[in-house]
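Visitor: I have a model open on my screen and would like a friendly walk through it. Could you take me around its sheets and helices?

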Amino acid sequence: MQSTEASSAMEVEAVSSESKLLPPKPEFAPLKPHEMSDGQVQFRKVSVPPHRYTPLKKAWMDIYTPVFEQMKVDIRMNLKARKVELKTRRDTPDISNLQKCADFVHAFMLGFDVIDAIALLRLDELYVESFEVKDVKTLRGDHLSRAIGRLSGKGGKTKFAIENATKTRIVIADSKIHILGSFANIKIARDSLCSLIMGSPAGKVYSKLRAVTARLAERF
């Protein structure tokens, strides 16, 4: 009996001494984008609508500089296909940079200013949401025109008020609406725009916005 206890004690000691001699945990450097994809280059293509071709020409250097120099992603304009093409380089620090750049270029094509769209490169929690007036209510002719007019307000006053209250950016392109912002703020802005489309007066929407933004400020 004593011999078995002694042998088990010896085994425990042997195991503990062996565990002390284990090699240190290996530390591997993070894989680069071209290594993660088995050496294959990752591509993204963003179509250029006809009405955004001239603005793209004018703002090309403002788009090219942050994408190429800061995000380390190659970018070019394919004139024949009318598409902006993006691809990873060997020194691209993060694989997600390619998708961020594609989202940035896509936001510009939707009608956002470069200054606003560039926030997509710098912040992770930003999104672009798009919907149409007919998704909320089926309107035609003058009724549709009046609904779009209510969304903008006189001189864009209503749109600016919603943007400032919800910390978002809104683009109204014909009957399509695009909102750039964080998830919670997009929801507040979308609810306000939907109320206007349904026929609510601007004053009522303003007062509701004030109440919601006050609640949001208390939460943070």
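Visitor: How many bridges join β4 to β6?
Guide: Happy to start there, and please keep in mind that this is a predicted model. Strand β6 covers residues 176-181, and β4 and β6 run antiparallel. One of the pairs links Val128 to Leu180 of β6. The number of bridges joining β4 to β6 is six.

Visitor: Which strands stand at the edges of that sheet, and why is one side of each left without a neighbour?
Guide: The sheet is open and has three strands in the order β4-β6-β5, with antiparallel pairing. Each edge strand has a single partner strand, so one side of it has no neighbour in the sheet. The edge strands are β4 (127-132) and β5 (169-173).

Visitor: By what angle are neighbouring strands of the sheet β1-β3-β2 turned against each other on average?
Guide: This is an open sheet of three strands, again with antiparallel pairing. Its edge strands, β1 (43-47) and β2 (73-78), each pair on one side only.

Visitor: What is the bridge partner of Phe43 in β3?
Guide: Strand β3 spans residues 83-88, and five bridges join β1 to β3 in an antiparallel run. In β3, the partner of Phe43 is Lys87.

Visitor: Which helix lies across β1, β2 and β3?
Guide: Helix α4 (residues 60-70) packs on this sheet by touching β2 and β3, at about 150° to the direction of β2. The helix you are asking for runs at about 5° to β1. The helix lying across β1, β2 and β3 is α5, residues 96-110.

Visitor: Is Lys157 buried or exposed?
Guide: Lys157 is found in helix α10, which covers residues 157-166. Leaving out residues up to four places away in sequence, Lys157 touches Ser152 and Tyr206. Its relative accessibility is 53%, and because the cut-off for that class is over 50%, Lys157 counts as exposed.

Visitor: Is α10 roughly parallel or antiparallel to α11?
Guide: Helix α11 covers residues 183-198, and the two helices pack with their axes 9 Å apart at an angle of about 155°. Angles over 145 degrees count as roughly antiparallel. That makes the arrangement of α10 and α11 roughly antiparallel.

Notes
Residues numbered from 1 in each chain as written. Predicted model: local features only at pLDDT ≥ 70, side-chain atom pairs only at ≥ 80, totals over all residues. Heavy atoms only, no water. Pairing = 2+ DSSP bridges. Helix = DSSP H or I, 4+ residues; strand = E, 2+ residues; numbered from the N terminus. Buried < 20%, exposed > 50% of the residue type's maximum accessible area, 1.4 Å probe, protein only. Contact = heavy atoms within 4.5 Å. Axes fitted to C-alpha atoms, helices over the stretch in contact; angles between N-to-C directions. Parallel < 35°, antiparallel > 145°, perpendicular 65-115°, else oblique.
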